[in-house]
Structures are given as C-alpha cells and as structure tokens.
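Have the sequence and the 3D view open as you read.

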Amino acid sequence: MAVQVAHVLGLMSGSSLDGLDVACCTFQYKIVPAFELLDWQIEYADTLAYSMDWQERLRTLVHADAKTFALTHAQYGRYIGEL
C-alpha cells in the first residue's frame, strides 16, 4: 500500500461576510485497491477580514446587473489572491 500525502489550501466565504476563511490541511490516503483516507490534519486556519468596501460590494451584489457581477467576480479573485 503506497501512502500518498496531499497538502491542500482551502478558501471559503460564507454568508456572514465577515471575511475569507482559509485553511491549510494535510491528507494522507491510499488509492489502491480503493481510495481510503488514512489521516488528516488542519495545519493552519484563520479568517481574513474583508474591508468595509468589500463587505458592502458583496452584500449588494445580488441586485447587480450582469456586467457588474462579472467585473466583481474578476476583481474578487484578485482580491482574495492578495489576501
């Protein structure tokens, strides 16, 4: 049985709009003869607070037109990359 190790960075933003949740996790697993998760560990986790501007942009996005939505999508990707 060959044990595989994966280091994974997870990002999530919830409906509270308090910030971007980040977690760095390690998974140990095997894939032969069938996938089996052997162990996992959260190495680091934190919430990176949104600026007031981003909180407001995300809160009102549900009412935005398609162009604003698409532009915000691209800008948000850059923003979380900076965080």
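## A buried lysine and its partner

Let us start with Lys30, which counts as buried because its relative accessibility is 9%; buried means under 20% relative accessible area, exposed over 50%, and partly exposed in between, with a 1.4 Å probe and protein chains only. Which side chain meets Lys30 in a salt bridge? The partner is Glu36, with N and O 3.3 Å apart. A salt bridge here is a side-chain nitrogen of Lys or Arg within 4 Å of a carboxyl oxygen of Asp or Glu. Glu36 is partly exposed, with a relative accessible area of 38%.

Before going further, a word on the model: it is predicted, so local features need pLDDT of at least 70 and side-chain atom pairs count only at pLDDT 80 or more, while totals for chains, interfaces and linings use all residues. Residues are numbered from 1 along each chain as its sequence is written, and side-chain values use heavy atoms, with hydrogens and water left out.

## The second salt bridge

A search of the whole structure finds two salt bridges. Besides the Glu36 and Lys30 pair, Arg59 forms one with Glu56, and the closest N and O atoms are 3.1 Å apart. Arg59 and Glu56 are three residues apart in helix α1 (residues 52–60), so about one helical turn separates them. Helices (H or I, at least four residues) and strands (E, at least two) are DSSP runs, numbered from the N terminus.

Are these two side chains buried or partly exposed? Arg59 is partly exposed, at a relative accessible area of 44%, and Glu56 is also partly exposed, at 40%.

Ile31, Val32, Phe35, Leu37, Trp40 and Ile42 make a nonpolar surface patch of about 650 Å². Patches are made of residues with over 30% relative accessible area and no salt bridge; like charges are joined within 9 Å, and nonpolar side chains (Val, Leu, Ile, Met, Phe, Trp, Tyr) within 5 Å. The areas come from the Shrake-Rupley method with a 1.4 Å probe, and for residues only the protein chains shown count as cover.

Ile42 lies in strand β3 (residues 36–49) and is partly exposed, with a relative accessible area of 48%. Phe35 is found in the loop between β2 and β3 and counts as exposed because its relative accessibility is 56%. The C-alpha atoms of Phe35 and Arg78 are separated by 35 Å, and these residues are 43 apart along the chain.

## Two backbone details

Most residues other than glycine have a negative phi, and most peptide bonds are trans. Val32, one of the patch residues, is joined to Pro33 by a cis peptide bond with omega about 5 degrees. Pro33 is found in the loop between β2 (19–30) and β3.

Leu17 is not a glycine, yet it has a positive phi of about 60 degrees. Leu17 sits in the loop between β1 (4–13) and β2 and counts as buried at 14% relative accessibility.

## Aromatic rings around Tyr50

Five aromatic pairs turn up in a search of the whole structure. Rings of Phe, Tyr and Trp (its six-membered ring) pair if their centres lie within 6.5 Å; planes under 30 degrees apart count as stacked, over 60 as edge-to-face and the rest as tilted. Tyr50, Trp54, Tyr76 and Tyr79 form one aromatic cluster.

Tyr50 is in the loop between β3 and α1 and is buried, with a relative accessible area of 5%. The charged end of Arg57 sits over the ring of Trp54, 4.2 Å from its centre; this calls for NZ of Lys or CZ of Arg within 6 Å of the ring centre and within 35 degrees of the ring normal.

## Side chains reaching backbone oxygens

The side chain of Gln55 reaches the backbone oxygen of Tyr50 at 3.5 Å. A polar contact is a pair of N or O atoms within 3.5 Å; within protein, one must be able to donate a hydrogen and the other to accept it, and residues adjacent in sequence count only if both atoms are side-chain atoms. Gln55 is found in helix α1 and counts as buried at 15% relative accessibility.

In helix α2 (residues 66–82) you will find Thr72, which is buried, with a relative accessible area of 5%. A polar atom of the Thr72 side chain lies 2.7 Å from the backbone oxygen of Thr68.
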